[in-house]
Every structure is written in C-alpha cells, then in structure tokens.
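Reader: Hi, could you walk me through this structure? I'm new to this, so please spell out the terms as we go.

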Amino acid sequence: MPERSDELATEYDALRPRMVRVAYAILGSRAEAEDVVADCWTRLVDADAREPVRDVTAWLTVAVARAATDVLRSARVRREAYVGPWLPEPFVVTAAETADPVDRVTLDETVGYALLVVLEALSPAERTAFVLHDVFGMGFPEIATVVGRTPAAVRQLASRARAHLAAQRPRFEVDRTAHEEVLGRFLAAAAGGDLQALVATLDPDVVVTSDGGGVVSAARRPVLGADRAARYVLGIVAKYVDQQAEVDLLLANGLPAIGIRQDGVLTSLVVLTARAGRVARVDIVRAPAKLAAADRR
C-alpha cells in the first residue's frame, strides 16, 4: 500500500535524529549508530507488513536500542584488542551547520562527550539501562524488552550504573559560557608556549588521553597530572607549528572543541572537559577513521 509506505517513511524520517542519538549514546560511535538506525528501517517495514505497527516511536526505540546493544557487545571484544586508549567518536558540527535553529536543537540534545567517556566503564547492559532511563526517559518495563531482563533487574542495572558514575558525572557538568572561558585560556597558553600559564588552566589531577588507533602517533597510556600533561600538550603544539597546521574551532557534542587541520583534513580533535574553572580532561581523537566519520564538512 503506497499510502501506508509513505506514512511510515514520513514518521521514520521525523524520528531518525532521535533514534541516532539513542544508538550513539549506547555505542559511542556516530557511524555505527547511523548504520543501526538505517537497518531498523528495513525491520520496521517488514514488521509493519506482517501487522501494522501502531506506535512507531515505541517500536523503533526498542528496536534501535536492542540492535545497538547487540553491536556494543561485539564491539567490546574489538575494543579490548584496540591499540592504545579507545575514545568515543565525537559528534562534530561546524559553525555553518549551527546557523539553522533546527540544527541547534539537535545539538542541544546530543549526548555530552564527557558522559560518553565515563560510560565506557559500564557493562553493555548497565550502559543501555542508564542511557534509556536516565538520558531518554524510557520506563523499566520497556528497557526490559531491550536487554532481556526483568524490570526489577533493569532497575538494578540502572542503579549500579548511577553508582559507578556518581563520582564522575556531576564533575563534568558545566555551562557553555564557563566551558568557552576555560577553552580560551587553554588555547592562549598552549599557543603562546607558556608552560606555567598552561599548568594553571589544568586541574591538578587532569588526564590527557590520546586515541590514534595504532594508525597514527599517539600516547599509548593516559598522561596524568598537570605538569606532565602541560608538557605533553606543548610538545604536540610544537609539532603542529612545524607542520604549519591550521586551528579550527568546532562543536563536538554541543560544546566548542579544537580541530587541527593539515591541508584541509582534520587530523586531530581536542575535546576539553572543564571542572571548577579548570580542565579536568583533555581527550585527543587522532584515529583517522573516527575523524573522517566525524568531520562532515
């Protein structure tokens, strides 16, 4: 029935941005999230052909979350063999894309990068339960159908996830104005090669993580502490100066971030996490595949 097909396609297109965010929050990969959502369109059509789907939003949310959780379980095996630290794939938007109010809404609803980083400490079931309930407001009975547990068990999963994140997540909540102020001081100190000024912008327990995926140069272990972190950052800046790289300010998961381009190609994305007016985390994404998926200019 062409009319039903058109109706279904219209509803799917309207729901697609939210479904991508659901899958992205579970997976930490925008490319994989989009693949999951695209695959669920075919499943939706097949299911509707067997019996009309009355609540497309509910059906699609469960289907996408279930598929994303399955992908995450297999991805965890690959990530264990990953060379060096694994960082989530950032959700990057350029200045030109934010001119449209519709894109602004999409940005505001994107899951924060700092949260994605700490979610990596959870099991797939805990992560899915937390994301669906605490981030997207889904009820425990619906989540139970996603992870294959009872509602009571899902409640426990979400509770354990909150306990794991309680010591970290509140530290990473900051408004955009404060974030931009910290970013500005960090950039000025790094660009000026001022070690002491850069140390002053960093939290004493700052962590610098660099993800090269074994393809490009990156630190194999996190760099800990303000002094070591500042020296590491200044070393990277010196290399980029020698290579005549360009600095590009982008929005990564809704907050300003530092993009480094060489010959127009994004080669590094530096995402800062602020706490109490200082930088608590510096995450440097260098893996070419992640940057290519993120940089959609």
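Reader: Let's start with Arg73: at 35% relative accessibility, how does it count?
Author: Arg73 counts as partly exposed because its relative accessibility is 35%, where buried means under 20% relative accessible area, exposed over 50% and partly exposed in between, with a 1.4 Å probe and protein chains only. Please keep in mind that this is a predicted model, in which local features need pLDDT of at least 70 and side-chain atom pairs count only at pLDDT 80 or more, while totals for chains, interfaces and linings use all residues. Residues are numbered from 1 along each chain as its sequence is written, and side-chain values use heavy atoms, with hydrogens and water left out.

Reader: And which side chain meets Arg73 in a salt bridge?
Author: That is Asp70, at 3.4 Å from N to O, a salt bridge being a side-chain nitrogen of Lys or Arg within 4 Å of a carboxyl oxygen of Asp or Glu. Asp70 and Arg73 are separated by about one helical turn, because they are 3 residues apart in helix α3; helices here are DSSP runs of H or I with at least four residues, numbered from the N terminus. Asp70 has 45% relative accessibility, so it counts as partly exposed.

Reader: How many salt bridges are there by this rule?
Author: The count comes to 13. Among them, Arg185 and Glu181 meet at 2.7 Å, N to O, and both of these residues lie in helix α9 (residues 176–192), 4 residues apart, about one turn of the helix.

Reader: What about Asp283 and Arg281, are they buried or exposed?
Author: Both Asp283 and Arg281 are buried, and they form a salt bridge in which the closest N and O atoms are 2.5 Å apart.

Reader: New topic: how many residues are in the largest nonpolar core?
Author: It has 52 residues, and those with the most contacts inside it include Ile26, Val36 and Val64; a nonpolar core is a set of buried Ala, Val, Leu, Ile, Met, Phe, Trp, Tyr and Cys residues joined through side-chain atoms within 4.5 Å. The largest share of this core, 11 residues, comes from α1.

Reader: Which residues is Val64 in contact with, leaving aside its neighbours within four places in sequence?
Author: Val64 is in contact with Met19, Val22, Ala23, Val36, Val37 and Cys40, contact meaning heavy atoms within 4.5 Å.

Reader: And which residues does the second, separate core include?
Author: That core has 26 residues, including Leu183, Ala189, Val233 and Leu234.

Terms used:
Helices (H or I, at least four residues) and strands (E, at least two) are DSSP runs, numbered from the N terminus.
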